[in-house]
Amino acid sequence: VVIVPIKGKVADTLRREHPYFLTSAIPANTYANLDEVTSLGVGAQWVVRGDQSEQRVHDIARALWHPTARETLDAGHPRAHEISVETALHGVSIPLHAGALRFYLEAGILE
């Protein structure tokens, strides 16, 4: 198996054209005997319907990012430890729901 890296000008062009792409790496030994490879990836996003109330979406975001939810999140996927409130909006290319916007403003993630 050969994994072709996506980096440099090619990666920059793709990220400009498709803002949901993030610089990512495939860790060493994800595939037998292969070193780490720089590539592009997409982040996981929690998406809600626009007709949900602002308060409900705010409360969901607060619950999802509450410190006590960390254990559940980490148990769900091997790379979940990389998910953080500080990077939650990286690669988001759709409008935020008003409730999510309020949460991220209150959390100091947005100004």
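Six salt bridges are counted in this predicted model, a salt bridge being a side-chain nitrogen of Lys or Arg within 4 Å of a carboxyl oxygen of Asp or Glu. Because the model is predicted, local features need pLDDT of at least 70 and side-chain atom pairs count only at pLDDT 80 or more, whereas totals for chains, interfaces and linings use all residues. Residues are numbered from 1 along each chain as its sequence is written, and side-chain values use heavy atoms, with hydrogens and water left out.

**Stop 1: helix α1**

Select Arg-15 and Asp-12. Their side chains meet in a salt bridge, with an N to O distance of 2.7 Å. Both residues belong to helix α1 (residues 8-17), where three residues, about one turn of the helix, separate them. Helices (H or I, at least four residues) and strands (E, at least two) are DSSP runs, numbered from the N terminus. Arg-15 is partly exposed, with a relative accessible area of 27%, and Asp-12 is likewise partly exposed, at 34%. The classes are buried for under 20% relative accessible area, exposed for over 50%, and partly exposed in between (1.4 Å probe, protein chains only).

**Stop 2: strand β2**

Leaving aside residues up to four places away in sequence, Ser-39 touches Ile-6, Leu-22, Thr-23, Ser-24, Ala-25 and Ile-26; contact here means heavy atoms within 4.5 Å.

**Stop 3: a nonpolar surface patch**

Select Trp-46, in the loop between β2 (37-42) and α2. Together with Ile-60 and Leu-64, Trp-46 forms a nonpolar patch on the surface, with about 280 Å² of accessible area in total. Patches consist of residues with over 30% relative accessible area and no salt bridge, like charges being joined within 9 Å and nonpolar side chains (Val, Leu, Ile, Met, Phe, Trp, Tyr) within 5 Å. Accessible areas come from the Shrake-Rupley method with a 1.4 Å probe, and for residues only the protein chains shown count as cover.

**Stop 4**

Display Asp-51 and Arg-49, which form a salt bridge with their closest N and O atoms 3.0 Å apart. Asp-51 is exposed at 58% relative accessibility, and Arg-49 is exposed at 54%.

From Asp-51, go to His-97: the two residues are 46 apart along the chain, and their C-alpha atoms are separated by 9.3 Å. His-97 sits in the loop between α3 (70-76) and α4 (98-106). Is His-97 buried or exposed? Its relative accessibility is 15%, so His-97 counts as buried. Beyond residues up to four places away in sequence, His-97 touches Val-48, Arg-49, Gly-50, Gln-52, Ser-53, Glu-54 and Val-57. A polar atom of the His-97 side chain also lies 2.9 Å from the backbone nitrogen of Gly-99.

**Stop 5**

Select His-58 in helix α2 (residues 54-64). With a relative accessible area of 4%, His-58 is buried. Its contacts, not counting residues up to four places away in sequence, are Gly-99, Arg-102, Phe-103 and Glu-106.

Finish with two of these contacts, Arg-102 and Glu-106. They form a salt bridge, the closest N and O atoms being 3.5 Å apart, and both lie in helix α4, four residues apart, about one turn of the helix. Arg-102 is partly exposed at 25% relative accessibility.

Conventions: A polar contact is a pair of N or O atoms within 3.5 Å; within protein, one must be able to donate a hydrogen and the other to accept it, and residues adjacent in sequence count only if both atoms are side-chain atoms.
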